[in-house]
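Please work through each task before consulting its solution.

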Amino acid sequence: MVGSQIAEVLKSRHPRFPEGSKVVAYVGWRDLTICSPDKMKAVFSGVLPLPDLKGLPNSYALGAVGMTGLAAYFGLLKLCQPKAGDTVVVSTAGGAVGSLVGQIAKIKGCKVVGFAGTDEKVKWIKEELGFDFAFNYKEVHLDSILKKFAVEGVDCYFDNVGGEFTYTVTRNMNEFGRIAICGAISTYNEDAKNNKVPFDYASMVYKQIRMEGFMINRWFNEWKDATLQLAQWIHEFDDNSQNPLSSEANARFYPAPPFRFPPSPPQPLLSRRVE
Ligand SMILES: NC(=O)c1ccc[n+]([C@@H]2O[C@H](COP(=O)([O-])OP(=O)(O)OC[C@H]3O[C@@H](n4cnc5c(N)ncnc54)[C@H](OP(=O)(O)O)[C@@H]3O)[C@@H](O)[C@H]2O)c1
């Protein structure tokens, strides 16, 4: 696993990265880096200018205004397309992405039901982040909980886990429900060849459910607007206990966004990690 960092450009022959500018770089946790941004086109790789954080600390670009926040923002808004009054279910809801998904869904006026794996996380997402309902998925019967607390049916499911959990949520979805597949953490340690994920075809067909996976680099062209919106929400809600897109979520880290750059000749860059 390679970490991301905020870095200052020391030497540059690249017009988009002038000397003295700051970048978010998926280059590992190192002090000095020489790289050619235009050659770094693989998914989960790249260097991009530090977004306008509207006065927030730079570290936010590695968390809620970085890849983590963008996964929550794009996955929920583009694929789940939540409407006010919709019921949204979030798995790994106490994680870096899921905790933001629930908060954005609340901003959009949805009812949010989150599932996390410890009582501490459950308490946090319910009492501090404003989820309507939260449960420890290791201790509850998921189908019964959904029938009781999402009694009107699930409209949107933000899927971080896959497997049996997703199968059960799918069976509790409403007609024309939307599932955004962000991750499949319950299956990552499985041998992909033997990984027979349970899947409820009947619900998908009869309820006309749309299920779609995504990588955030799909929306590269909207990256700037999205980061501005996330930064604005944090400013608006950081002091508002009713609906905080809280700065606490920024304590979590995830590799920098896998953005691609438009084709141009490779240009080397020397950057230095900054605090
Ligand atoms: N598509 C994209 O562009 C994109 C971008 C970023 C992240 N992701 C994916 O999004 C997901 C969440 O990322 P994140 O950064 O929020 O993760 P994170 O903060 O590191 O959270 C990981 C959590 O997943 C839960 N977990 C671990 N094993 C599990 C299992 N077998 N079944 C159910 N839950 C399990 C654990 O929480 P509990 O205590 O709740 O069990 C763990 O703390 C990951 O699958 C990641 O790969 C995708």
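**Exercise 1.** Determine which residues come nearest to the ligand.

*Solution.* Step 1: the shell around the ligand holds 24 residues, a residue being near if its C-beta atom, placed from the backbone, lies within 6 Å of the molecule. Step 2: of these, Ala 71, Gly 95, Val 97, Gly 117 and Gly 183 come nearest. Step 3: the elements giving two or more residues to this shell are α1 (67-80) and α2 (96-107); helices (H or I, at least four residues) and strands (E, at least two) are DSSP runs, numbered from the N terminus. Step 4: by class, the shell has twelve nonpolar, ten polar and two charged residues. Here Ala, Val, Leu, Ile, Met, Phe, Trp, Tyr, Cys and Pro count as nonpolar, Asp, Glu, Lys and Arg as charged, and the others, Gly among them, as polar.

The model is predicted, and local features need pLDDT of at least 70, side-chain atom pairs count only at pLDDT 80 or more, while totals for chains, interfaces and linings use all residues. Residues are numbered from 1 along each chain as its sequence is written.

**Exercise 2.** State the strand order of the open sheet and identify its edge strands.

*Solution.* Step 1: the six strands follow the order β7-β6-β5-β8-β9-β10, with parallel pairing; two strands pair if DSSP finds at least two bridges between them. Step 2: β7 (133-136) and β10 (210-213) each pair on one side only, and are the edge strands. Step 3: within the sheet, β5 (residues 87-90) is joined to β6 (residues 111-116) by four bridges, and Val 89 stands opposite Val 113 in β6.

**Exercise 3.** Describe how α1 packs against α2 and α7.

*Solution.* Step 1: the axes of α1 and α2 are 8 Å apart, at an angle of about 45°. Axes are lines fitted to C-alpha atoms, for helices over the stretch in contact, and angles run from 0 to 180 degrees between N-to-C directions. Step 2: α1 is therefore oblique to α2, since angles under 35 degrees count as roughly parallel, over 145 as roughly antiparallel, 65 to 115 as roughly perpendicular and the rest as oblique. Step 3: the residues of this contact divide into ten nonpolar, two polar and no charged. Step 4: α1 and helix α7 (residues 223-237) pack at about 100°, with axes 10 Å apart. Step 5: α1 is therefore roughly perpendicular to α7.
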